[in-house]
Amino acid sequence: MSAIWAILRKEWKSYFVTPAAYVVLALFAVIAGFFFYSMLAYYVMQSMGGGMFGGGRLDVHAMLLQPLFFDVGVTMLFLLPMVTMRLYAEETRGGTMELLKTAPVRRLEVVLGKFFAAFGLLLALLLMVFAYVLVVWHYAHPHPGWASLGVAFLGLLLLGGVYLSLGLFLSSLTRTQIVAGVTTFALFLLLWVADWVTAYDNGRFAHIIAYLSLTTHLTNFVQGVLDVKDLVYYLSLIFAGLFLTARRMELAE
Amino acid sequence: MLEVQNLSKSYGPKLAVDNLSFSARKGEILGFLGPNGAGKTTTMRMITGYLPPSHGQVVVEGIALRESPIEVKRRIGYLPELPPLYPELSVRDYLLFVARLKKIPSAQRQPAVDRALERAALGEQRQRIIGRLSKGYRQRVGIAQAILNEPPLLILDEPTAGLDPRQILETRNLVRSLAGEHTIILSTHILAEAATTCERVIIINQGRLVAVDTPENLTHRVKPTDTLQVEVSAPAEAAAAALRALPDLTAVEVLGQHQGASRLQVEARTLAAREAIARALVGAGWGLRELRPVELTLEQIFLSLTGAAAGAPNVPVAAAPGEPQSEGEV
Ligand SMILES: Nc1ncnc2c1ncn2[C@@H]1O[C@H](COP(=O)(O)OP(=O)(O)O)[C@@H](O)[C@H]1O
Ligand SMILES: [Mg+2]
């Protein structure tokens, strides 16, 4: 246990003495902020039009927040590989892997320490997004429901967890950061668009592939629907990534 | 204390370590000597649990590494060839991290870090960022990291490689000061280093054990005769003639003359010959200024041992550049 904590603290120190974490936080704030701004502007335009034609009130959750959450998912897809690509590659290259592997700790403790450290950064990113959401909540009448916002937040957190866990594993496979970064990004992109197959193919195989898509499972969360199937999907991907990383560490260089 | 039993490691088809067995006694400094590529780093990585062996096993204080890796790792402090440092951390933060990693209880962490800083003479550098330290200081941070939890066994992989002569001497003194409390295994490809720092030396070449002994015994093993240098206040030819008359000397060679004194080198079959030499020269009415045994350098021992074992082409003959010349002799 204490080793997980030790690695988590060390990682956080490293994140914030190097520009990496600041760059990711700043880029994320800018990109998510831009999405938020453009969707808000679009929403305002739409609702003014709606008012003119005497239509009912537009649904803030469906029209503004859901697309925003999806775009946050896309932004994480681009930015989180930059966080995970260095996690192992740097230890292998800098020789510190010898310290971690010869210390009296289990491999899984090392993996979990790194994962939770990155997860902390993810939490910070998502809290920034929820600052935007709070603004919407304040001005929207009726207020969007807390429960559905919470479910969406949980969904994004789990999605980010999947990114981090798989990224960590890919980073453990290579000593080159850029190779780790590019393969991670490619894998995320594939998982993200996998549900497109159902657009032109309705066979069983296509549905299996679509089931693997990260997007399919995010949809329920974003709509405020908590489904065990989605939970199981995300959690099992997270556990698989962590387990594989620990196994990978046990093998020779 | 440490038992290495039939350890082997192959990288694909290449056998880097071949059926290596040796042991280390409590409190000794054991030198691990061999040319580059001999398999020193690979062996140390297997002892520390970084690499799984292909065959054989490692036992530390009666505990097998394979059965209880965590228990064994707790007993080992390891300085890899490349010190495992995080350049962005300060010396103090780094050592506190290692202390947590090594599961030192929180109350003892700060004292342990302070003690390691003091032992490695790093007190002044504690707040500095590791990436900005000189190579010598970084090496010391690596050593401080290894001794942090007072492990009974210290494994140091070429601790003086790449340092300047002054740092080399400092590091050797540091290593010697750590002996006694710790059993130390130190690898080097510099023969003089093993001779000056270690009590026993293991020589390996191409992954195989060549010899295990004290530096002095290795000398005797390779060369049973006694080589002596004599300085005497007499004409060189006269002195040489007097020495050639003695029964136990196999060779007499004039090295030179200087200000009325001559220097000669002789090979003696027995230790008693030393007394005969002194008696003969003093009896002839000359002044005997010096009678000194010349020991083989480890370079010569090494060449002789590994040459016989494998005909190694790349054995280092000279000490590394920057090595103080006076240390070339045993
Ligand atoms: N990771 C590796 N993969 C393949 N071969 C290796 C690896 N590490 C070392 N070797 C080979 O094993 C042999 C022993 O290397 P090493 O243990 O580093 O020797 P030393 O430390 O004595 O210089 C060398 O021939 C080296 O090329
Ligand atoms: Mg080596």
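# Reading salt bridges, a metal site and a helix face

Me: Is Glu91(A) buried or exposed?
Reply: Glu91(A) is buried, with a relative accessible area of 3%. The model is a predicted one, and a residue counts as buried when its relative accessible area is under 20%.

Me: Which residue forms a salt bridge with Glu91(A) at 2.9 Å?
Reply: That residue is Lys114(A), whose closest N and O atoms with Glu91(A) are 2.9 Å apart. This pair links distant parts of the chain, 23 residues apart, with Lys114(A) in helix H5 (residues 107-139) of chain A and Glu91(A) in helix H3 of chain A. Lys114(A) is buried, with a relative accessible area of 1%.

Me: How many residues apart in helix H3 of chain A are Glu90(A) and Arg86(A)?
Reply: They are four residues apart, which means that about one helical turn separates them. Glu90(A) and Arg86(A) form a salt bridge, with 3.3 Å between the closest N and O atoms. Glu90(A) is partly exposed at 28% relative accessible area, whereas Arg86(A) is buried at 12%.

Me: Which residues coordinate the magnesium ion (ligand 2)?
Reply: Thr41(B), through OG1, and Glu81(B), through OE, coordinate the ion at 2.0 to 2.4 Å. The two residues are 40 residues apart: Thr41(B) lies in helix H1 (residues 40-47) of chain B, and Glu81(B) in the loop between strand E6 (76-79) and helix H3 (91-101) of chain B. Thr41(B) counts as buried at 16% relative accessibility, while Glu81(B) is partly exposed at 44%.

Me: Which residues of helix H9 (residues 236-244) of chain B are buried?
Reply: They are Ala236(B), Ala239(B), Ala240(B) and Leu243(B). These residues lie on the same side of H9(B), because they cover an arc of only 100° around the axis. Among the elements that cover them are strand E11 (226-233) and helix H10 (273-283) of chain B.

Me: Which residues make the nonpolar surface patch of about 390 Å²?
Reply: The patch is made by Val23(A), Leu27(A), Val30(A), Ile31(A) and Met82(A). Helix H2 (residues 19-52) of chain A gives the most to this patch, with four residues. Leu27(A), found in helix H2 of chain A, counts as partly exposed at 36% relative accessibility.

Terms used: Residues are numbered from 1 along each chain as its sequence is written. Chains are lettered from A and ligands numbered from 1 in the order in which they are written. This is a predicted model: local features need pLDDT of at least 70, side-chain atom pairs count only at pLDDT 80 or more; totals for chains, interfaces and linings use all residues. Side-chain values use heavy atoms; hydrogens and water are left out. Donors are N, O and S atoms within 2.8 Å of the metal (3.2 Å for Na, K and Ca); water is not among the atoms, so sites may look incomplete. Buried means under 20% relative accessible area, exposed over 50%, partly exposed in between (1.4 Å probe, protein chains only). The arc is that of the directions from the helix axis to the C-beta atoms. Contact means heavy atoms within 4.5 Å. Patches are made of residues with over 30% relative accessible area and no salt bridge: like charges are joined within 9 Å, nonpolar side chains (Val, Leu, Ile, Met, Phe, Trp, Tyr) within 5 Å. Accessible areas come from the Shrake-Rupley method with a 1.4 Å probe; for residues, only the protein chains shown count as cover. A salt bridge is a side-chain nitrogen of Lys or Arg within 4 Å of a carboxyl oxygen of Asp or Glu.
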